[in-house]
Amino acid sequence: MTHHAAASAASAGPGRRLAIYLHRRPRLRLGLLLAPPLGWLVVAYLGSLGVMLVSSLFRVDAFTGKVVPEVGLANFETLLTSEVYRTVTVRTVAIAAAVTVTDALIAFPIAYYMARVASARLRGLLAVSVLLPLWSSYLVKVYAWYVILAEDGVLNWMLRPLGLSGPGYGDVATWLVFSYLWLPYMILPIYAGLQRIPESLLEASGDLGARAGTTFRRIVLPLAFPAVVAGSIFTFSLTLGDYIAPQIVSNTQFIGNVVYRNVGVAGDLPFAAAYATVPIAIMIGYLLLARRLGAFESL
Amino acid sequence: MGASRTSRVFLRVATGLTLGFIYFPLAIVALYAFNGNTSLGWPITSWTTDWFGRAFADEGVRNALTLSAQIAVAATAVAIVLGTLLAFAVQRYSFFGRETVSFLVILPIALPGIVTGIALNSAFRATGIPLGTLTVVVGHATFCVVTIYNNAIARLRRTSRSLEEASMDLGADSFQTFRHVTFPAVRSSIVAGGLLALGLSFDEVIVTTFTAGLQQTLPIWILSNYLRPNQAPLVNVVAVLVVLISVVPIYLASRLSSDAGNVASGTR
Amino acid sequence: MKTRSYVTFIAAAALAVAACGGGATPTPAPSVPASVGAGEGRLDLVAWPGYVVGGTGGEQVEGYDWVSDFETASGCKVYVKPAGSSDEMVTLMASGQYDGVSASGDATLRLIKGGEVAAVNLDLVPNYANVFAGLKNRPHNTVGGVAYGVPHGRGANLLIWNTQELGDSLDSWSIVFDPTSKAKGKLSLYGSPIYIADAAVYLMATKPDLGIKDPYSLDDKQFKAAVDLLKSIRPNVGEFWADATKQINSFAGGNAWAGTTWQYQVNTLLANDPPAPVKAVLPKEGSTGWSDTWMISAKAQHPNCMYKWMDYIISPAANAAATVYFGEAPVSKDGCAEAEKLSPGHCATFHAEDEAYFSKVYYWNTPSKTCIDGRGDICVDYNEWTKAWTEIQG
């Protein structure tokens with residue numbers, strides 16, 4: 001190695017010299033690799049998050065509407081005493097959980113089919129058809145459901161002859177719309193995760209006498225579980241923070257609606273920031289749990 | 001070992017139903033693109049193709065589409081650079097705080113968009129950076145990094161270093177090795193991650209609202225045009241066109257990322 | 001090392017926020033210009049969607065353009081940032097990147113108090129002389145006799161109802177505010193904290209002993225009454241609308257039978273094919289309304305262009321074009337004459353010259369601790385309205 005380096009150093013161009021220089025200094029290499037992304041993330045993102053969270057301790061002056069930098073817990077007091085914030089938080093978390101479970105149940109069969117049953121060509125086609133809706137606008141999809149769920153809309157038009165009626169707008173509609181919107185985000189990780197299971201494991205299980213059901217339950221599911229958790233990160237967090245869809249297909253509030261309404265410097269950024277700590281705390285807790293369950297390797 | 005016959009049938013039916021569920025609202029959108037009425041009532045009573053002509057002629061649509069595409073490409077490019085650097089650093093070295101990096105990288109996309117939006121907005125205002133295309137790209141790149149990072153690191157884990165060592169033994173320096181050996185091995189995973197990043201950026205509206213100045217990306221254009229009923233059918237047309245236009249690139253890109261992926265991972 | 005520098009950064013950032021936040025004393029308004037010079041070549045505006053259409057950077061709508069003429073005459077290229085709500089407008093103006101804003105009353109006082117907008121020298125806006133008397137010196141844009149802008153137009157919030165379900169002649173807000181209303185579950189109300197004022201208007205007529213004189217000046221007792229009224233009808237509400245499209249489709253699709261609306265939705269519903277079975281009226285109790293004001297930023301980079309714009313947008317032809325498109329009343333008699341050419345019957349439909357009609361309309365204003373009706377510092381400010389609204393919506 002050194003022999004080569006010495007020989008090539010003599011006739012080295014600048015690129016090669018730089019490569020040799022870096023090769024001898026692993027810590028410098030590491031620093032150069034880490035500096036741009038971490039610098040960006042820590043300074044730009046964490047820094048601005050920190051500033052926002054600090055402002056949750058301030059309050060807004062009732063006369064001028066400007067932020068008064070006096071540290072106090074008034075905002076958090078309001079959050080704890082007024083019942084509506086608990087209701088909104090519970091509603092948001094409950095629907096986020098329901099959406100996650102729903103999407104996991106719907107996504108698994110199609111992901112399994114794509115990963116282990118379909119032919120290679122069909123698999124490619126299916127992957128594209130699952131990816132494609134991600135490119136149609138989120139807002140257009142929500143409005144499509146708004147139209148479908150209307151009193152005289154498509155769904156009721158189809159169900160009325162059968163004597164049934166659709167859910168109309170409300171929390172059920174929000175659950176339905178969110179389950180629809182985030183489905184591809186659940187299908188893709190599960191698909192990737194199921195693909196990674198080596199065929200040999202399943203064959204071995206069969207050789208040892210397990211039937212298909214047992215193999216599925218005891219080999220496939222545990223191996224695919226981290227991928228399911230990975231997908232759930234998306235479905236849970238995207239539902240937790242959304243405020244646009246609830247405004248359109250429901251008249252109840254989500255966490256995002258309350259934060260959005262309070263935001264604005266001459267509005268009440270401190271209070272909005274204070275309430276925003278709730279979904280932040282929930283998500284960080286969820287992420288820690290997901291990491292424990294191995295989801296980060298399956299994203 | 002394949003699935004039994006009943007489970008194959010079940011899987012086929014489930015797949016069909018799921019695809020139907022996925023495309024049903026899109027079919028409704030496509031139907032409304034031909035709606036002669038400006039309101040969104042059902043059933044549709046009059047049909048017209050006028051809106052397609054108007055969509056092509058409308059300058060606002062063209063500008064919004066171009067801007068969204070430019071921002072998506074720029075944000076994805078930045079995310080690719082940052083995500084790849086980070087993946088290499090985490091996979092190849094051990095350092096203090098290594099475990100927290102993957103946690104940190106996923107935060108921008110895991111935390112509610114409104115939180116990221118408000119935080120970035122306050123930061124830009126506090127440092128006096130005017131809101132514009134650059135700030136939008138910054139915002140998008142921040143939550144797109146994770147898609148590249150995760151894909152790249154997953155692939156790096158499965159790539160053995162012996163090829164690189166052989167390359168160096170044969171006299172290549174680290175830059176040459178990277179260009180000829182390492183990068184081709186991870187390239188398809190980066191493409192796959194980049195594709196997802198492009199989609200994420202193209203359709204993002206919440207963070208964009210807080211980081212854009214006068215710019216109208218496509219989602220913002222849609223948001224503001226749905227507020228005016230005369231323009232609502234135009235929005236449906238644009239949505240349909242965007243989906244149709246993106247079929248080919250998505251197909252190509254997914255072929256690119258899956259072919260090499262199968263070769264490298266060694267499954268099946 | 002990492003932790004220490006992180007903490008230092010946070011501390012520095014907190015100081016920065018503190019510095020930017022300012023103190024409790026309002027910043028004094030900048031001095032008002034004495035003349036308008038040549039245009040600076042560019043104008044950046046924040047406006048409601050549909051207010052600035054055409055030109056270089058206005059919203060591009062096929063067949064409509066009242067901005068290009070301004071650009072040719074003044075040399076100022078116009079760029080607009082449409083905003084969907086008053087809160088958004090306040091936030092945008094705080095960035096200091098825009099020259100002017102078309103602010104509704106629930107934003108104007110916040111902007112004035114926050115020092116984001118400057119007083120206007122009305123002598124420099126010749127067309128202001130022709131503005132209807134009923135639109136001059138309104139409390140939502142005139143503070144202490146000092147004017148802060150010029151009006152764009154005005155409109156009332158009307159009662160709309162489905163004639164098939166609720167009959168032909170309704171004339172009272174009771175269909176909305178009576179908990180036993182026949183429109184249970186089918187109410188469509190405006191989804192903003194400012195709507196508490198509409199409940200206050202109803203209480204002005206039904207509970208006069210509360211002593212409400214101005215629906216935006218509510219002391220604690222009056223505020224609680226209005227909030228309780230809204231909470232009592234909350235189970236009857238089908239939707240809270242923020243954009244016209246949603247409400248139009250709710251009435252067209254049968255999800256809404258009664259509610260608060262703008263003339264714009266009514267016109268669109270009646271122009272449907274087939275026309276929706278709706279009717280709208282200004283109820284006997286009166287109603288809230290809005291009159292947006294063009295205001296100039298205190299940090300305007302292009303103040304001359306902004307003054308030229310303010311004069312232009314209230315000139316008859318431009319005002320007619322803008323108000324006919326959006327669906328509101330023009331601000332001057334000549335504006336009405338021009339509007340008749342574009343859309344016969346426009347001014348009659350929007351009661352543009354009917355001061356008696358607008359005497360029952362309480363234009364949106366910004367509630368603040370200092371009562372707008374002059375009773376002192378006993379009123380509830382907008383932040384509390386916002387918190388109460390969150391509780392009402394549930």
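In which sense do S3(C) and strand S15 (residues 293-297) of chain C pair, and over how many bridges? They pair in the antiparallel sense, over 4 bridges. Strands here are DSSP runs (E, at least two residues), as helices are (H or I, at least four), numbered from the N terminus; two strands pair if DSSP finds at least two bridges between them.

This is a predicted model, in which local features need pLDDT of at least 70 and side-chain atom pairs count only at pLDDT 80 or more, while totals for chains, interfaces and linings use all residues. Residues are numbered from 1 along each chain as its sequence is written, and chains are lettered from A and ligands numbered from 1 in the order in which they are written.

**Chain C, strand S3**

Select residues 100-103 of chain C, which form strand S3. Within S15(C), C:Thr293 is the bridge partner of C:Ala103. Strand S1 (residues 42-47) of chain C also pairs with S3(C), in the parallel sense and over 2 bridges; there C:Leu45 has C:Gly100 as its bridge partner. In a regular strand, side chains alternate between the two faces of the sheet. In S3(C), C:Gly100 and C:Ser102 on one side and C:Val101 and C:Ala103 on the other are all buried (20 or more other C-beta atoms within 10 Å of the residue's own; exposed means 12 or fewer, partly exposed in between, with C-beta atoms placed from the backbone).

**Chain C, the open sheet**

Next, select S8, S14 and S16 of chain C, an open sheet of 3 strands in the order S8-S14-S16 with mixed pairing. Strand S8 (155-156) and strand S16 (361-363) are at the edges with a single partner strand each, so one side of each has no neighbour in the sheet. S8(C) pairs with strand S14 (residues 287-290) in the antiparallel sense over 2 bridges, and C:Ala156 has C:Gly289 as its bridge partner in S14(C).

**Chain A against chain B**

Turn to chain A and show chain B: 81 residues of chain A are in contact with 75 residues of chain B (C-beta atoms, placed from the backbone, within 7 Å). On the chain A side, helix H3 (residues 26-55) gives the largest share, 14 residues.

Within helix H3 of chain A, select A:Leu33. Leaving aside neighbours within four places in sequence, A:Leu33 is in contact with B:Leu85, B:Phe88 and B:Ala89. Why does A:Leu33 count as partly exposed? A:Leu33 has 19 C-beta neighbours inside 10 Å.

Technical notes:
Contact = placed C-beta atoms within 7 Å.
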